[in-house]
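Work through these exercises with the model open. Each task is followed by a solution in steps.

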Amino acid sequence: MRRNIPLMLGIFITGFTILLAVAGPGLAPKNPLEEKRVLQIDGGEFLVAPYPPFQIPDYPLGSDSHGRDVLSQILWALRPTLMLVSYVALLRLAIGTAIGLLAGWHNNRFGKAINGLISAALSMPTLMVALAVVALTMDWR
């Protein structure tokens, strides 16, 4: 029996991400909102934030410009991000199902117009649509 390696890898990555989302805040080494702008390292030398990644043991992924631990921020942000992505996916599924049912149910001009809109929407790459939405919603001051 042949094994589907990409599928198994995808399941592993998805499961690991969900596991990190559930256990992430408990695994975070620091409070993600705690600011430490100046840090004294072993030799008595002082470092000013941002701290470089992979060089300071207390900050494995470094810090931002306010001295907050990036690893802790990632672990704390994973759960709400996955929840938001799940809500958006469910909303897209519901709207797409409703539009598809309308297009399939009506066999007149209305149904053909909806089918044309669906074809036009499917012809555009998702990344281009996302970039257009971001560009339209930016504050251009």
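Ala, Val, Leu, Ile, Met, Phe, Trp, Tyr, Cys and Pro count as nonpolar, Asp, Glu, Lys and Arg as charged, and the others, Gly among them, as polar. The model is predicted.

**Exercise 1**

Task: Describe the largest pocket and the make-up of its lining.

Solution: 
- Start with volume. The largest pocket holds about 530 Å³.
- Turn to the lining. It numbers 14 residues, and Arg 92, Ile 118, Ala 121, Leu 122 and Val 129 lie nearest the centre of the pocket.
- Sort the lining by class. The largest pocket has 10 nonpolar, three polar and one charged residues.

**Exercise 2**

Task: Which helices each supply at least two residues of the lining of the largest pocket?

Solution: 
- Trace the lining back to the helices. The contributors at that level are H2 (70-105), H3 (109-123) and H4 (126-137).
- Find the largest share. H2 gives five residues.

**Exercise 3**

Task: Describe the second largest pocket and its lining.

Solution: 
- Take the space. The second largest pocket has about 160 Å³.
- List the lining. It consists of Leu 39, Gln 40, Ile 41, Asp 42, Leu 47, Gln 55, Ile 56, Pro 57 and Asp 58.
- Apply the classes. Five of these residues are nonpolar, two polar and two charged.

**Exercise 4**

Task: Why does Gly 116 count as partly exposed?

Solution: 
- Locate the residue. Gly 116 sits in helix H3.
- Recall the cut-offs. Buried means under 20% relative accessible area, and exposed means over 50%.
- Compare. Gly 116 has 39% relative accessibility, so it counts as partly exposed.
- Gly 116 and Leu 82 are 34 residues apart in sequence, and their C-alpha atoms are 33 Å apart in space.

Key: Residues are numbered from 1 along each chain as its sequence is written. This is a predicted model: local features need pLDDT of at least 70, side-chain atom pairs count only at pLDDT 80 or more; totals for chains, interfaces and linings use all residues. Side-chain values use heavy atoms; hydrogens and water are left out. On a 1 Å grid over the protein atoms alone, a cavity is a set of points where a 1.4 Å probe fits but cannot get out, and a pocket is an open set with protein on both sides within 12 Å along at least five of seven lines; lining residues have an atom within 4 Å of a point. Grid points are joined across faces, edges and corners, and a volume is the space filled by probe spheres set on the points. Helices (H or I, at least four residues) and strands (E, at least two) are DSSP runs, numbered from the N terminus. Buried means under 20% relative accessible area, exposed over 50%, partly exposed in between (1.4 Å probe, protein chains only).
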